[in-house]
Amino acid sequence: MCQLLGMNCNNPTDATFSFTGFAQRGGRTADHVDGWGVAFFEDRGLRHFVDHLPAAESPIAELIRRYPIKSRNVVAHIRKATQGAVNLQNCHPFVRELWGRYWVFAHNGNLDSFAPQLHANFRPVGTTDSERAFCWLMQELAKSHASVPSVGELTLTLQELMPQIARFGTFNCLLSNGEALWAHASTQLYYLERRFPFTLAELADEDMTVDFADHASADDQVAVIVTAPLTKNETWTAFRAGELKVFVGGRALSV
């Protein structure tokens, strides 16, 4: 099973701590060795890194661990291939443009016989079920709304679309347009929200602790979404099967 990591924040925040623990699952503490990727939104821009090497061995992943890129929305993925060869074009997260904004998507699971009709605007570059699902989502969002809708309207549309994909198998996924981060769970996904008063956090996959009280300001809010809890001493909330959540400003909104 692949691994997902998402961060949604009200202020630009670096993901160094979370990514350091997360990257260990790419060949060190777990056998997800078929590539990895991460995308950081910066205003309307995007920093996007992928590599077909295991995350625990990748020089690019080492750069990310050491370079504190600050972002309000981050999507990362560590791959254990089920469909498609081990190569760059099959590494998540995938990126597309819609309504003049970048959209980023990552998927954990396997979709059996998922072969939707796709038109010319959204077609996969690689050969994964995940990228096909992303292209179909973008296509259907574009058909449902003539121009960029509100986060609430998008959430209602995604509530209708995502179960249609989940009928074909396991569909745990993260989707962001830099304004919000949506997370859908078929089987396994967890989240936590960090806010004042901040405390010490200890990684589960690496011997590393951080006291966020030394690094965060009183108004900071950070939501972290992940396949399996990243820390040993924080309370993580499990998604329900079939649940869709949307995060804005470091908080889960009511859906």
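**View 1. The largest nonpolar core of this predicted model has 29 residues.** A nonpolar core is a set of buried Ala, Val, Leu, Ile, Met, Phe, Trp, Tyr and Cys residues joined through side-chain atoms within 4.5 Å; buried means under 20% relative accessible area (1.4 Å probe, protein chains only). Trp103, Leu137, Leu141, Phe171, Leu175 and Trp182 have the most contacts inside this core. At least two of its residues come from each of β5 (94-98), β6 (101-108), α3, α4, β7 (172-176) and β14 (244-248). The most, 7 residues, come from α3. Helices (H or I, at least four residues) and strands (E, at least two) are DSSP runs, numbered from the N terminus.

**View 2. Surroundings of Leu175.** Beyond its neighbours within four places in sequence, Leu175 is in contact (heavy atoms within 4.5 Å) with residues including Trp103, Phe134, Met138, Leu158 and Trp182.

**View 3. A second, separate core has 23 residues.** Met7, Cys9, Phe19 and Ile64 are among them.

**View 4. Helix α3 (residues 129-144) packs with helix α4 (residues 151-166).** The angle is about 140° and the axes are 11 Å apart; axes are lines fitted to C-alpha atoms over the stretch in contact, and angles run from 0 to 180 degrees between N-to-C directions. Residues of α3 including Trp136 and Leu137 meet residues of α4 including Leu158 and Leu161.

Residues are numbered from 1 along each chain. In this predicted model, local features need pLDDT of at least 70 and side-chain atom pairs 80 or more, whereas totals for chains, interfaces and linings use all residues, and side-chain values use heavy atoms, without hydrogens and water.

Definitions and conventions:
Buried < 20%, exposed > 50% of the residue type's maximum accessible area, 1.4 Å probe, protein only.
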